[in-house]
Each structure stands twice: as C-alpha cells, then as structure tokens.
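Biologist: I have a protein model open and I'd like to learn how to read it. Can you take me through it step by step?

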Amino acid sequence: VCLLETGQISYLLASVNLDRKLHDWLLNQRRARSLADLQRAIARIGEMESTVSGLTDDALRTRFQGLRPADQRPVKGEPLWLAFACIREACVRALGKRPYDVQIMAGLAMAEGAIAEMATGEGKTLTAALPACALALQGGGVHVATVNAYLAERDFTLMRPVYEFLGLTAAGLPERGNAKEKKQAYAADITYGTGYEFGFDFLRDRLADHARARPRLGQAWRDLVLDRGSAPVGDPMQRPFACAVIDEVDSVLIDEAVTPLIISRAIPPGENPLAPVYRLADRIAAGLGEKETEIDEEARTVRLTQAGLAEVYERAPKIELPLRRAWHEYVEQALRARHLFERDVHYLCRGDAIEIIDENTGRSFADRKWRGGLHQAVEAKENLPITGETDSDVTISRQRFYRLYPFLCGMSGTVREEAVEFRDVYGLEIVAIPRHRPLCRKELPDRVFASGAEAREAAVSEILARRTAGQPVLVGTRTVLQSERLSARLDVAGIPHRLLNAKQDAEEAAIIAEAGSPGRVTIATNMAGRGADIPLDPAAREAGGLHVLGIERNEAARIDRQLAGRSGRQGDPGSAQFFVALDDEIPRRYGGPDPGDRTGELDPGLARDLLACQRRAEMEALERRIGVMREDEAMDKLKRYLG
C-alpha cells in the first residue's frame with residue numbers, strides 16, 4: 001500500500017511477478033479511499049449550495065470571483081468546494097441544468113489533478129466545464145483539449161453561457177485562423193481546441209522564434225551603452241502554459257502518442273522533379289517476388305535481399321538530378337506502399353490527393369504526410385500526381401508536449417487499462433466515478449468465424465433480425481474498406497442504412513444523432529461519432545435499445561469498450577456483441593489461429609486466442625509510444641547540449 005501511495009506500484013509490478021488479485025486489491029483500496037473523499041466533498045458542496053442559491057446573479061458572480069488566490073496557486077480545500085457550489089448554481093441559471101453528483105465528483109477529481117474514469121453517456125461536456133471554471137480562477141489560462149474540431153466547437157458553444165455568467169472569458173481556437181485570431185483565443189480564461197492544434201501552435205511559436213535574427217555577441221552591451229533599447233523578441237500566440245483539461249484523454253495522450261507532432265516546410269507547388277524515379281521504383285517493386293524481398297507484416301518492415309538489391313541496381317535510373325537517398329530505398333518504400341499500406345484502410349484517395357486515415361479514430365487528415373518518400377510511393381502506386389517531399393523543421397512528442405503543462409487532468413470512459421502508463425509518463429492517477437444510473441446493457445459473447453466474408457454474412461442476418469424487431473443497430477468497423485464491404489452487402493440484401501466513415505466525416509453529427517431511431521441501421525468506422533450523443537426514440541427503447549455490433553476487434557480493448565459504450569447510456573437498455581474472424585488483420589499480424597480449411601461459425605473458445613492477439617498488438621503500440629518518447633527526449637537533450 002505504501003508503494004501504491006507513493007506512485008511506485010508500476011515499478012513493483014515490473015520487477016516482480018505480483019499476483020493479479022493483489023494488484024487489483026491494492027488499486028481498489030486506493031480508489032475506494034478516493035471515492036470516499038469525493039463523497040464527503042459532495043456532502044459539503046451540497047451544504048454550501050444552499051447558501052449560494054439565494055444570492056442574486058451579481059452577488060453569485062462576485063462570490064465566485066472572490067475565490068481567486070492572490071498568488072495564482074490552484075484553489076484547494078474549502079475554497080474549491082465553494083467554487084464548485086457556485087459553478088453548479090451557475091449551470092442551473094445559465095443552462096437550466098443542475099450537474100449530477102457524479103459529474104461534480106468527476107470535476108473535483110480533475111480539479112485536483114487526476115483522470116476521471118467516467119462511463120460514456122454520463123455528460124462529459126458539462127463535466128469538463130466544472131474543473132475548467134475552477135482552474136481558471138488561478139489565472140494563466142485553461143486549455144480544454146478534445147479529439148476533433150467538431151467536439152471542440154460544440155462543447156465551447158454549449159458551455160459558453162456558464163463561463164460568461166461567472167465573469168470568465170472563453171474562446172474557441174480557430175484551426176485555420178491567423179496568428180492574431182489565435183492570440184486572442186489564447187488570451188481568454190478558457191480556450192477550447194483540439195489536442196493536436198494546441199501542440200502545433202506551440203511548434204509554430206518555436207518556429208517563429210527560431211526564424212528571428214539572433215543578436216551578435218556583444219550586441220546587448222552595445223545597445224545598452226548607446227541607449228538604443230533592446231530589439232523586439234517577438235509576440236508568440238500562446239501564453240506560458242498553466243492548465244490543460246483533456247476530454248477523451250486516452251485518445252489524446254495514448255492513441256495519438258504513437259506519432260509525434262511535426263511541422264514541415266511548405267511543399268513546393270507543381271510536380272515533383274523526381275516523379276519519374278518514384279514511378280520507376282513502383283514498377284520495379286510490382287515485379288519483385290519472394291526471392292528478392294523480405295516482408296514482415298507484423299513488424300511492418302520491408303527489406304531487399306542480396307538478389308533483390310542486385311536486380312534493383314541493374315535498373316537504376318540515369319537522371320541528372322541528385323537523389324535524396326540511396327536508390328534501393330526508393331524501391332523499398334514502394335514495396336511498403338504496395339504490401340503494408342492498403343487503400344481505404346491506411347489512406348483514402350480524394351481527388352488527386354492521398355489523405356492519411358488515423359487508425360485510432362477512423363478520420364482522414366488532408367494536411368498530414370508520410371515522411372521519407374513513403375507518401376510519394378503511395379501516390380505512385382495509385383497513379384496520382386507526385387508531390388514534393390516534406391522536411392521537418394520542428395517536432396515534439398505528445399508525451400513531452402503535455403508534460404510542459406504545470407497542471408494536467410482529463411477524463412474518459414476507458415482508461416483503467418493504461419493506468420501504469422498514465423502514472424509513469426504523465427504523473428496522473430485514475431479515479432473511477434460511479435454511474436448516475438445502473439448499467440442495463442447486455443454484453444453478448446463474441447461469435448467467431450473462419451473468414452471475414454462469413455462474419456459479414458452472419459452480420460447481415462443479425463442486422464435484419466434486429467431491424468425487423470424495431471431495434472436500432474450501430475455497426476462498428478475498424479476500417480473504411482470493411483465498412484464499405486458491409487454496406488455493399490446490405491445494399492444487396494435490400495437493408496436501408498447510413499454509412500459514416502472518413503469519406504462522410506462532414507455529416508458525422510447528423511448521422512449519429514439519428515442512429516437511435518427504431519430500426520435504423522448505421523455503419524461507422526472505428527470511433528466515428530465518439531463524444532456525440534445517440535438519443536433513443538421511445539419505440540426503440542421498447543424494442544431493446546441500441547444494439548452495437550462490432551465487426552472485427554480493434555488494436556486496443558479500450559477502443560472496443562468505447563464502441564460498446566455507445567449503447568446503454570444513462571440506464572437505457574441496449575446490447576453489444578462482436579463478430580470476429582480468424583483472417584482479420586489483428587490475428588493475421590499477431591500470430592492468431594490458422595484459418596486452414598475451416599468454414600462457418602467456429603468454437604467460441606477461439607475468442608480467447610484472438611484476444612491474446614489483441615494484447616500483443618497493445619504491447620507493440622506501447623513499445624512504439626515509448627520509442628517515440630525516448631527518441632524525442634534524446635534529441636531534445638542533444639539540442640540543449642549543442643545550444
């Protein structure tokens with residue numbers, strides 16, 4: 001328990017084979033104490049609420065603003081509880097909504113620097129506003145980070161009346177705004193934006209700072225003697241960091257941490273002068289066989305054998321322009337594009353451009369580019385115009401970026417699986433928040449099939465049966481390709497449905513909002529629609545509530561739980577089930593059972609083997625995140641050493 005209290009339990013687990021039951025008992029003991037402390041605070045806030053409810057609007061605002069500490073330190077103890085009593089009353093007056101006790105508990109946990117594990121559908125938009133208001137009292141600005149621009153704009157718009165009622169300034173961060181607009185947004189007490197945009201603006205400020213002319217040695221002394229004054233140091237968009245409140249904290253700090261934040265130089269317009277090189281490399285890669293290549297799908301690596309190198313250099317291009325790398329590396333990138341990157345899985349083609357699909361969210365990003373010539377190799381594979389390569393100017397890992405905030409907190413419905421990483425990397429503990437209403441969702445066992453095609457056929461039958469009974473169905477797929485295959489099969493079966501993937505991201509809110517209608521069938525990639533509510537029609541509730549059908553397991557069990565959590569919100573009825581196949585990508589890449597000559601539905605016991613593959617995928621992702629963090633830290637130390 002002492003090790004747990006001092007935050008060293010993860011190191012203990014890493015050094016000895018501690019029994020899992022003891023580990024769970026230790027964590028449950030800590031969570032029980034945290035929950036008991038929060039329940040005592042809730043009772044005290046209730047007492048304070050009765051005293052502030054009789055105040056006029058101006059008096060309530062004055063009472064809240066009077067809690068600002070003189071030394072800009074976080075508000076704690078009784079002042080924090082009084083602040084929450086004022087915020088709760090402000091929500092009633094400005095929104096007509098009184099935050100539930102569980103929302104207050106989650107807000108308190110975050111205001112004290114923890115992660116609140118709060119079930120999906122418990123009202124996180126309102127919950128995030130509670131610590132944001134309390135933390136804004138200390139000054140310096142609060143950044144409320146979300147996973148996408150739609151949620152940031154929506155949450156800011158919904159919560160703005162509360163902030164204005166309490167005398168706080170709030171702003172939404174424009175992703176495509178100019179420096180002046182962004183500086184105004186950062187000057188507010190509370191700023192809403194996407195997690196990645198806060199990071200990119202930090203890098204833009206660093207880039208602008210590096211671009212300024214550095215004073216020569218002795219320049220400051222000469223300016224002082226000649227009374228010239230100091231040269232301007234520039235005007236960054238961001239203020240020094242103070243506080244960050246992160247919604248869907250597992251997505252922002254864990255899933256997205258696999259890739260660092262990078263700002264690159266602008267790509268020169270027009271066709272890449274080396275386009276013939278990329279196209280020749282693609283043609284050569286298409287003709288290479290097993291003797292010339294070594295491809296490891298699990299490790300996602302490609303290497304030319306000695307025979308392959310010999311053949312590649314026999315066909316080396318004769319051009320006057322210098323190559324950016326060795327010739328065989330162009331061919332290896334072309335091999336990666338052909339064998340490891342699949343259209344509508346890892347990227348999509350929109351017009352004449354390649355858009356990378358984020359595998360964690362299912363969303364595409366037009367402004368992201370693969371480095372090292374891989375993006376151009378994919379363009380050559382798809383016979384698109386070859387763009388110029390990017391050169392990174394400034395970069396930072398998400399782990400190091402978020403540790404720049406003196407105060408960090410967040411919330412999500414799925415964080416307990418990553419408790420050790422949150423503690424060791426970010427210094428964040430997790431507090432489990434009880435549900436406002438009991439969970440009524442039925443968790444059905446996985447159904448296992450020999451092939452994805454057979455799983456889709458069974459899914460069509462399942463969807464038809466539930467739709468006929470009037471039950472709405474939300475089908476979650478891991479990739480755009482999977483969603484379109486199932487959509488085509490539903491079209492053949494004559495089953496009306498709505499499709500939501502990276503190609504329809506502009507319609508996301510409208511499609512998800514209608515997913516709870518009786519008999520409605522919605523197909524969504526991965527976590528498209530995450531954070532958006534699915535209201536149930538009364539008739540749909542009578543039919544059993546929303547049924548979530550997962551086609552293929554995701555790379556992390558957390559994402560599966562997020563998908564299942566779309567049903568059964570706030571005590572609503574619902575159900576969830578996964579259809580998995582032996583030839584799905586996760587078991588194929590991570591040593592799952594061999595499909596062999598098997599067909600049809602298989603022994604449910606195989607589901608355990610598939611979950612073991614998922615755990616191996618999770619460990620590989622953890623290793624990649626650790627690698628990104630260590631590489632970034634090493635480069636930062638080197639830059640500091642070199643000045």
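This is a predicted model: local features need pLDDT of at least 70, side-chain atom pairs count only at pLDDT 80 or more; totals for chains, interfaces and linings use all residues.

Biologist: Okay. What holds strands together in a sheet, and how many bridges join strand 5 to strand 13?

Modeller: The general idea is that strands of a sheet pair through backbone hydrogen bonds, either parallel or antiparallel. Strands (E, at least two residues) and helices (H or I, at least four) are DSSP runs, numbered from the N terminus. Two strands pair if DSSP finds at least two bridges between them. Here, strand 5 and strand 13 run parallel and are joined by five bridges. Strand 2 pairs with strand 5 in the parallel sense too, over four bridges, and there alanine 145 has isoleucine 246 as its bridge partner.

Biologist: What is the strand order of the whole sheet?

Modeller: The order is 3-4-2-5-13-1-14, an open sheet of seven strands with parallel pairing. Strand 3 (170-172) and strand 14 (430-432) are the edge strands, each pairing on one side only. On average, neighbouring strands of this sheet are turned by 20° against each other, direction ignored. Axes are lines fitted to C-alpha atoms, for helices over the stretch in contact, and angles run from 0 to 180 degrees between N-to-C directions.

Biologist: Which helix packs on the sheet?

Modeller: Helix 8 (residues 149-165) does, touching strand 2, strand 3, strand 4 and strand 5. Its direction makes about 165° with that of strand 4. As for contact, the word means heavy atoms within 4.5 Å.

Biologist: Where do the side chains of a strand go, and which ones in strand 5 point the same way?

Modeller: In a regular strand the side chains alternate between the two faces of the sheet. In strand 5, Cys243, Val245 and Asp247 point one way, and Ala244 and Ile246 point the other way. Five of the five residues of strand 5 are buried. Buried means under 20% relative accessible area, exposed over 50%, and partly exposed in between (1.4 Å probe, protein chains only).

Biologist: Now salt bridges. How many does a search of the whole structure find?

Modeller: The search finds 51. A salt bridge is a side-chain nitrogen of Lys or Arg within 4 Å of a carboxyl oxygen of Asp or Glu. Take arginine 561 and glutamate 117, whose closest N and O atoms are 3.7 Å apart. Arginine 561 sits in helix 23 and glutamate 117 in strand 1, so the pair ties together parts that are 444 residues apart in sequence.

Biologist: Is glutamate 117 buried or exposed?

Modeller: Glutamate 117 is buried, because its relative accessible area is 8%. Arginine 561 has 25%, so it is partly exposed.

Biologist: And which residue does glutamate 389 form a salt bridge with?

Modeller: Arginine 324, with the closest N and O atoms 3.2 Å apart. Both residues lie in loops, and the pair ties together parts that are 65 residues apart in sequence. Glutamate 389 counts as buried at 10% relative accessibility, whereas arginine 324 is partly exposed at 44%.

Notes
Residues are numbered from 1 along each chain as its sequence is written. Side-chain values use heavy atoms; hydrogens and water are left out.
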